[in-house]
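Me: I've got a model open and I'd like to go through what the labels on it rest on. Can you take my questions one by one?

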Amino acid sequence: MLKIVVCIKQVPDTTEIKLDPVKGTLIRDGVPSIMNPDDKGALEQALLFKDKFGAEVTCITMGPPQAKEIIREAFAMGVDKGYLVTDRRFGGADTLATSYTLSQALRTLEYDIILAGRQAIDGDTAQVGPQIAEQLDLPQVTYVENVEFDGKDLLTVRRNVEEGHEVLEVKLPCMLTFLASAYEPRYMNVRGIMEAFDKEIVELNADSFPVDPERLGLKGSPTSVKKSFTKGAKAMGTLHDEITPEEAADIIIEKLKEKFII
């Protein structure tokens with residue numbers, strides 16, 4: 001049976017988040033947490049494979065205990081197993097420490113394919129997926145829009161690029177990272193929601209799998225965020241109506257001169 005592991009993350013809903021103007025940190029109080037949208041694209045692909053090929057789908061997330069909420073959501077959508085990687089020693093991890101911790105946890109699981117979202121909306125780095133693949137020495141394809149499986153060991157993958165898209169072939173085992181727009185995620189159904197609370201969420205900590213303590217959490221993070229701030233508001237522009245192309249060109253040239261661009 002095809003075994004698929006999907007990496008998911010609980011993130012604050014960035015449409016409602018604000019920044020503390022003094023500390024430069026995110027104000028999370030009162031902000032709802034959701035499953036990362038790109039991860040839902042990966043999860044839907046895994047469930048489509050389950051529908052068609054009878055795959056076993058496992059989800060894994062790293063975070064505090066409340067991250068169990070998105071594992072329950074994944075169960076309600078059709079996921080079979082769920083793992084929560086949680087430990088205070090993992091706190092403060094940047095993308096490198098996060099990918100190291102998750103890759104070490106993934107070594108304890110069986111998988112043919114590892115799927116993840118392209119990036120998380122609270123960081124927008126698009127680094128963790130590729131770093132996991134590197135840690136596990138797996139071939140990877142990023143920015144995935146669609147996947148076809150031959151039923152044996154070959155995937156045909158379409159990935160989004162600036163000029164259009166690329167079609168690639170990759171053999172199992174491998175890692176793919178998905179765009180949120182890849183698929184429309186299925187809804188949880190009533191039966192799935194009821195059964196989600198009967199399934200066990202396995203918790204893993206720093207003693208559950210082999211790790212180098214120097215590579216965990218804040219200690220293992222070579223990067224840190226010094227300050228966060230919102231983009232400053234722009235001044236209102238000037239609307240020029242009913243002018244000739246020559247007049248428009250003169251206005252543009254004048255503005256470029258004002259900004260010392262020309």
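Me: Where is Asp13 found?

Reply: Asp13 sits in the loop between β2 (10-12) and β3 (18-19). Helices (H or I, at least four residues) and strands (E, at least two) are DSSP runs, numbered from the N terminus. Before we go on: this is a predicted model, where local features need pLDDT of at least 70 and side-chain atom pairs count only at pLDDT 80 or more, while totals for chains, interfaces and linings use all residues. Residues are numbered from 1 along each chain as its sequence is written, and side-chain values use heavy atoms, leaving out hydrogens and water.

Me: What makes Asp13 a charged residue with no salt bridge?

Reply: A salt bridge is a side-chain nitrogen of Lys or Arg within 4 Å of a carboxyl oxygen of Asp or Glu. For Asp13, the nearest side chain of opposite charge is Lys40, and that is 10 Å away. Lys and Arg count as positive, Asp and Glu as negative, with His and the chain ends not counted. Asp13 is buried as well, where buried means under 20% relative accessible area, exposed over 50% and partly exposed in between (1.4 Å probe, protein chains only).

Me: Which residues is Asp13 in contact with, leaving aside neighbours within four places in sequence?

Reply: Those are Val31, Pro32 and Ile34; contact means heavy atoms within 4.5 Å.

Me: Why do Asp80 and Lys50 count as a salt bridge?

Reply: Their N to O distance is 2.8 Å, so the pair passes the cut-off. Asp80 lies in the loop between α2 (68-77) and β7 (81-85) and Lys50 in helix α1, so the bridge ties together parts 30 residues apart in sequence. Asp80 is partly exposed at 28% relative accessibility, and Lys50 is partly exposed too, at 25%.

Me: How do you know that Glu145 is buried?

Reply: Its relative accessible area is 19%, and the limit is under 20%, so the label holds. Glu145 forms a salt bridge with Arg158, with the closest N and O atoms 3.0 Å apart. Glu145 is in strand β9 (residues 140-149) and Arg158 in strand β10 (residues 154-161), so this pair joins parts 13 residues apart in sequence. At 33%, Arg158 counts as partly exposed.

Me: How many salt bridges does this rule give?

Reply: The count comes to 16. One of them pairs Glu56 with Lys3, at 3.3 Å between the closest N and O atoms. Glu56 is in strand β6 (residues 56-62) and Lys3 in strand β1 (residues 3-7), 53 residues apart.

Me: Why is Phe197 called exposed?

Reply: Its relative accessibility is 58%, and exposed means over 50%, so Phe197 qualifies. Phe197 lies in the loop between α5 (190-196) and β13 (201-204). With Met188 and Ile193, Phe197 makes a nonpolar surface patch of about 300 Å². Patches take residues with over 30% relative accessible area and no salt bridge, joining like charges within 9 Å and nonpolar side chains (Val, Leu, Ile, Met, Phe, Trp, Tyr) within 5 Å. Areas come from the Shrake-Rupley method with a 1.4 Å probe; for residues, only the protein chains shown count as cover.

Me: What span is expected for helix α1?

Reply: The expected value is 24 Å for its 17 residues (37-53), because the rule is 1.5 Å times one less than the number of residues. From first C-alpha to last, α1 reaches 25 Å, close to that. Gly54 follows α1, with a positive phi near 75°.
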